[in-house]
Amino acid sequence: MARRTTRYPVEGANSLWQIYKTVPFLKVMKNFIIIQIARYTPIIPFKNWLYRTCLRMKVGEQSAVALMVMMDIMFPEKISIGKNTVIGYNTTILAHEYLVGEYRLGEVIIGDEVMIGANTTILPGVIIGDRATVAAGSLVHKDVPAGAFVGGNPMQIIREPSQ
């Protein structure tokens with residue numbers, strides 16, 4: 001299944017060159033500063049407060065985002081994290097893709113009690129189901145079924161959800 005992204009064509013220079021036609025400069029600067037503070041703070045409740053209050057992300061109770069996690073700087077409000085979820089060290093969660101002839105936006109929905117291993121990249125427009133496990137170093141380029149164990153680049157299902 002294709003990722004759930006909305007495509008916006010651009011003319012002339014590539015879409016990243018035209019970034020401030022797609023997202024306000026001050027929003028990007030504010031988000032950048034807040035995300036950098038959150039990346040380095042070891043205080044998880046404070047980090048979650050920053051995400052919820054300043055970036056308008058949905059973050060469930062008792063979810064833990066590890067050190068150095070990089071949230072989407074342009075559109076963090078398109079990221080949703082369920083309750084009691086762990087997002088491992090240095091993971092990147094993207095809600096946008098800037099390409100040569102277009103840019104794409106898509107929500108990222110991470111369910112409840114999900115475990116995402118370190119150094120994972122999550123692309124826009126994917127849903128990671130409740131109680132799923134994503135192995136460290138994975139590229140999440142498509143939906144992850146609830147309860148599944150996935151990993152790799154490209155991501156593959158390692159173990160199907162138990163019935």
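Two strands pair if DSSP finds at least two bridges between them. Helices (H or I, at least four residues) and strands (E, at least two) are DSSP runs, numbered from the N terminus. The model is predicted: local features need pLDDT of at least 70, side-chain atom pairs count only at pLDDT 80 or more, and totals for chains, interfaces and linings use all residues. Residues are numbered from 1 along each chain as its sequence is written, and side-chain values use heavy atoms, with hydrogens and water left out.

View 1. Strand E8 (residues 96-98) runs antiparallel to E9, joined by three bridges. His-96 has Leu-105 as its bridge partner in E9. Three residues lie between E8 and E9, which form a hairpin. Strand E1 (residues 6-9) is also antiparallel to E9, through four bridges. Here Arg-7 stands opposite Arg-104 of E9.

**View 2. The two faces of E9.** In a regular strand the side chains alternate between the two faces of the sheet. Strand E9 spans residues 102-105, and both of its faces are covered. Glu-102 and Arg-104 are buried on one side. Tyr-103 and Leu-105 are buried on the other. Buried means under 20% relative accessible area, exposed over 50%, and partly exposed in between (1.4 Å probe, protein chains only).

View 3. The structure holds four aromatic pairs. Rings of Phe, Tyr and Trp (its six-membered ring) pair if their centres lie within 6.5 Å; planes under 30 degrees apart count as stacked, over 60 as edge-to-face and the rest as tilted. One of the pairs is Tyr-8 with Tyr-103, stacked at 4.8 Å centre to centre with 15 degrees between the planes. Tyr-8 lies in strand E1 and Tyr-103 in strand E9, so the pair ties together parts that are 95 residues apart in sequence. Tyr-8 is partly exposed, at 32% relative accessible area. Tyr-103 is buried, at 12%. Tyr-8, Tyr-98 and Tyr-103 form one aromatic cluster.

View 4. Phe-46 is partly exposed, with 35% relative accessible area. Trp-49 is partly exposed too, at 44%.

View 5. Helix H2 (25-40) and helix H3 (44-55) each supply at least two residues. The largest share, six residues, comes from H2. Phe-32 sits in H2 and counts as partly exposed because its relative accessibility is 38%.

**View 6. The six-stranded open sheet.** The strand order is E3-E6-E11-E14-E16-E17, with mixed pairing. Strand E3 (64-65) and strand E17 (156-159) are the edges, each pairing on one side only. Strand E14 (residues 133-134) runs parallel to strand E16 (residues 149-151), through two bridges. Val-134 stands opposite Val-150 of E16.
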